[in-house]
Amino acid sequence: FHHPIALYKLAQFLVDAFREEKKKTKKSKPMVISCIKGPTYLIVGLNNTAQSTILTRNTFGVLFRKAALAVHAQYKHDGFDASVIEIAKDDFVSFSTALQNDGEY
């Protein structure tokens with residue numbers, strides 16, 4: 001899972017599995033998943049929609065950058081997909097805390 005697409009597909013699978021498990025839940029929540037990639041963590045954010053085939057605007061790009069800047073984390077956020085970010089291992093805990101505290105979900 002060291003590639004963003006593989007991690008994204010895992011996140012999509014988990015979102016679909018949780019949706020099937022909790023069909024009666026009206027409000028769905030987004031998914032953030034990460035894996036260690038050498039000296040960094042690769043992090044992917046995925047909005048949860050009613051159907052996995054519906055395209056919605058993914059707001060994680062803004063949230064990721066805001067959390068990284070808030071904790072002065074070393075990060076790489078320059079790929080095609082804004083919902084993917086790499087954070088230095090030493091900054092991961094403070095980044096994830098900032099992300100949880102600032103998330104609008």
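**Entry 1: the pairing of β1 and β2.** I began with strand β1 (residues 31-37), which runs antiparallel to β2 and is joined to it by seven bridges. I count strands as paired if DSSP finds at least two bridges between them. Helices (H or I, at least four residues) and strands (E, at least two) are DSSP runs, numbered from the N terminus. I36 has Y41 in β2 as its bridge partner. The two strands make a hairpin with two residues between them, and G38 in the turn has a positive phi of about 65°.

**A note on the source.** This is a predicted model, and I used local features only at pLDDT of at least 70 and side-chain atom pairs only at pLDDT 80 or more, while totals for chains, interfaces and linings use all residues. Residues are numbered from 1 along each chain as its sequence is written, and side-chain values use heavy atoms, with hydrogens and water left out.

**Entry 2: the other partner of β2.** I then followed β2 to strand β4 (residues 84-88), and found five bridges in an antiparallel arrangement. I43 pairs with I85 in β4, and V44 stands opposite V84. Strand β3 (residues 75-76) also pairs with β4, antiparallel over two bridges, with K76 opposite E86.

**Entry 3: cover on the strands.** Which residues of β2 (residues 40-46) are buried? I found that seven of its seven are, where buried means under 20% relative accessible area, exposed means over 50%, and partly exposed lies in between (1.4 Å probe, protein chains only). T40, L42, V44 and L46 are on one side, with Y41, I43 and G45 on the other, so to speak a strand covered on both faces. I saw β4 covered on both faces too: V84, E86 and A88 on one side, I85 and I87 on the other, are all buried.

**Entry 4: the cores.** I treat a nonpolar core as a set of buried Ala, Val, Leu, Ile, Met, Phe, Trp, Tyr and Cys residues joined through side-chain atoms within 4.5 Å. The largest one has 14 residues, and those with the most contacts inside it are I43, F64, A68, I85, I87, F95 and L99. β2, α2 (60-70), β4 and α3 (92-102) each supply at least two of its residues, and α2 gives the most, with five. Another core lies apart from it and has 10 residues, including V15, C35, V44 and L46.

I took a longer look at F64. Leaving aside neighbours within four places in sequence, F64 is in contact (heavy atoms within 4.5 Å) with I43, V44, G45, H77, A82, S83, V84, I85, F95 and L99.

Entry 5: H72 is not a glycine, yet its phi is positive, near 55°. I located H72 in the loop between α2 and β3. Is H72 buried or exposed? It is exposed, with a relative accessible area of 71%.

**Entry 6: the whole chain.** Last, I stepped back and counted three helices and four strands, in the order α-β-β-α-β-β-α along the sequence. Buried residues make up 35% of the 105 in the chain. Among contacts with a separation of 6 or more, 51% are between residues 24 or more positions apart. The accessible surface comes to about 7300 Å², of which 58% belongs to carbon and sulfur atoms; I used areas from the Shrake-Rupley method with a 1.4 Å probe, and for residues only the protein chains shown count as cover.
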